[in-house]
Amino acid sequence: MLVDASPDAAPARAGEGVLVDRQNGLVLTSWELVRPYRVDGSLAYTRLLAGPAAGSSGRPEYTASLVAANPRFDVAVIRLGAMRDGAQ
């Protein structure tokens with residue numbers, strides 16, 4: 001899930017990924033989900049959150065960062081960071 005900067009913002013996008021390296025917190029997902037810019041060149045989101053049904057179920061949410069991506073093949077890798085403040 002990708003969300004905007006304000007705490008009460010609705011998700012900008014939602015999708016799924018696969019945890020491929022638990023020790024390093026790496027998740028394989030689609031480029032379309034994490035691409036940082038809109039068609040007009042503006043930022044699509046300012047925070048990246050990840051977790052099971054992040055934001056909707058009270059399950060843990062983690063900050064995340066984009067590690068690598070290949071738009072041509074629609075793949076991306078994100079790294080899970082710290083548990084988000086206020087998440088259970």
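1. Contact here means heavy atoms within 4.5 Å. Not counting residues up to four places away in sequence, Arg35 touches Arg13, Ala44 and Tyr45. Arg35 itself sits in the loop between α1 (31-34) and β5 (47-50). Helices (H or I, at least four residues) and strands (E, at least two) are DSSP runs, numbered from the N terminus.

2. On provenance: this is a predicted model, in which local features need pLDDT of at least 70 and side-chain atom pairs count only at pLDDT 80 or more, while totals for chains, interfaces and linings use all residues. Residues are numbered from 1 along each chain as its sequence is written, and side-chain values use heavy atoms, with hydrogens and water left out.

3. Side chains of opposite charge can pair when their charged atoms come close. Glu32 and Arg35 form a salt bridge through their side chains, at 2.7 Å from N to O. The rule asks for a side-chain nitrogen of Lys or Arg within 4 Å of a carboxyl oxygen of Asp or Glu, and the count by this rule comes to 1 salt bridge.

4. How exposed is Glu32? Glu32 counts as partly exposed because its relative accessibility is 41%; the classes are buried under 20% relative accessible area, exposed over 50%, and partly exposed in between (1.4 Å probe, protein chains only).

5. Strand β4 (residues 26-29) pairs with strand β3 (residues 18-21) in the antiparallel sense over 3 bridges. Two strands pair if DSSP finds at least two bridges between them. Val18 stands opposite Leu28 of β4. The hairpin of β3 and β4 has 4 residues between the strands, and Gly25 takes a positive phi near 65° there.

6. β4 also pairs with strand β7 (residues 75-83), in the antiparallel sense and over 4 bridges. Leu28 has Val77 as its bridge partner in β7.

7. Where does Arg22 lie? Arg22 belongs to the loop between β3 and β4. With a relative accessible area of 72%, Arg22 is classed as exposed. Arg22 and Arg79 are 57 residues apart along the chain, and their C-alpha atoms are separated by 9.9 Å.
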